[in-house]
Amino acid sequence: MIYVFVYVGEVGYELLNWQGVVRKFSRTISDDDKIVVCGRSGVESWYEFADQYIDISSVELYNNSVSDCHQCYYDVGDHRIRRGGIIDEMERGILEYIAHKISFEGDNRVIFSNHFYAGRGTIINGLQFGNGSIYGPPHRLPIEQNEYVKFPAGTHLKESIQDRLGFDLDEPFILCQTAWRDRVQRSKVIIDKSTIVKSLAKKVKVVLLGFSTGKATESESKFDHIDNCYNIHVSSFEEQSCLIHFAQKCVFFTEGDFRSHIYMPPMLGKDVYAIASADIYQLHSANESTLRFWNDNVFQFGGQIKPIVYETMNIEELYD
């Protein structure tokens with residue numbers, strides 16, 4: 001049997017739930033079975049167990065969908081379409097696209113991440129796909145359904161990134177990244193990133209990381225030019241992971257919500273100093289209980305989320 005897992009949801013839900021469940025499932029099948037994973041561009045390294053990874057970012061309807069938990073939706077006028085119609089059309093488009101790209105012959109079973117929400121929950125070998133919140137009580141991430149591993153860093157890109165930046169990545173530097181998404185704004189606080197970065201740059205080199213997944217409607221990182229800092233824009237997880245790996249420290253800003261870029265360094269075994277407003281740290285997605293649960297149960301590779309409250313922060317704590 002060829003099991004084809006198609007992910008159409010948010011990056012955070014993919015990192016903390018979907019990829020972990022699919023990995024655990026891979027331990028339950030026979031040697032003759034195959035696993036094909038389909039999803040966003042540039043994250044093949046999250047699925048080291050898969051027999052094949054298919055990038056579906058060129059499927060227009062998928063790329064223009066709005067990620068939401070494990071599912072996706074479309075804005076049509078004043079309505080959000082989550083079922084039938086254009087969603088079914090998107091799935092047909094994905095199936096047609098991957099039909100000619102699967103490297104194996106034989107019967108296949110396709111599991112879409114959004115089918116749980118359409119009343120078509122998928123349970124195979126005792127594992128639930130597309131279900132489970134990633135947040136703290138009362139809807140705690142189902143750890144027992146997941147198997148996590150430390151992601152590999154794209155260190156083979158070191159020389160090319162050094163050439164772009166103009167310095168050796170073995171030199172001490174702080175990596176800064178932010179994230180902004182127009183669609184989800186649970187906080188109106190705007191962080192004065194420039195002042196913080198300028199203070200850091202007085203002590204050590206600072207790399208300002210611009211990043212986008214390439215998928216429409218998702219968060220992106222963007223910095224204005226700041227004197228004495230190094231700007232670089234990347235579009236792949238491998239490039240991002242290389243910079244995270246070599247950084248002395250990762251100082252990530254998050255505005256509007258607790259964005260999923262914060263999870264990247266801990267999945268690579270690196271601490272991340274997460275600067276967010278006080279009201280964001282009151283949300284169920286980022287409160288003390290949720291962060292402690294993730295740090296204790298998911299991020300077990302040497303890196304943790306270290307919350308920094310913007311309104312009361314002391315810049316010196318980033319130098320320790």
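**Thr178 and its surroundings**

Me: Happy to look at this with you; which residues does Thr178 touch, not counting residues up to four places away in sequence?
Reply: Contact here means heavy atoms within 4.5 Å. Leaving out residues up to four places away in sequence, Thr178 touches Lys193, Glu220, Ser221, Lys222, Phe223, Phe253, Glu255 and His261.

Me: Good to know; what kind of model is this?
Reply: Residues are numbered from 1 along each chain as its sequence is written, and side-chain values use heavy atoms, with hydrogens and water left out. Local features need pLDDT of at least 70, side-chain atom pairs count only at pLDDT 80 or more, and totals for chains, interfaces and linings use all residues, since this is a predicted model.

Me: Is Thr178 buried or exposed?
Reply: Thr178 sits in the loop between β10 and α5 (193-201); helices (H or I, at least four residues) and strands (E, at least two) are DSSP runs, numbered from the N terminus. Buried means under 20% relative accessible area, exposed over 50%, and partly exposed in between, with a 1.4 Å probe and protein chains only. Because its relative accessibility is 4%, Thr178 counts as buried.

Me: Why is β11 described as largely enclosed by the rest of the structure?
Reply: β11 spans residues 205-212. It is largely enclosed because the buried residues number seven of the eight in β11.

Me: Which strand pairs with β11 in the antiparallel sense?
Reply: Two strands pair if DSSP finds at least two bridges between them. With β10, β11 pairs in the parallel sense over five bridges, and Phe173 stands opposite Lys205. β11 also pairs with β13 in the parallel sense over five bridges, where Leu209 faces Ile232. The antiparallel partner, over two bridges, is strand β12 (residues 220-221).

Me: How many residues of helix α6 are buried?
Reply: Helix α6 covers residues 237-246. Elements covering its buried residues include β10 (173-177), β11 and β13 (230-234). Among those buried are Phe237, Glu239 and Leu243.
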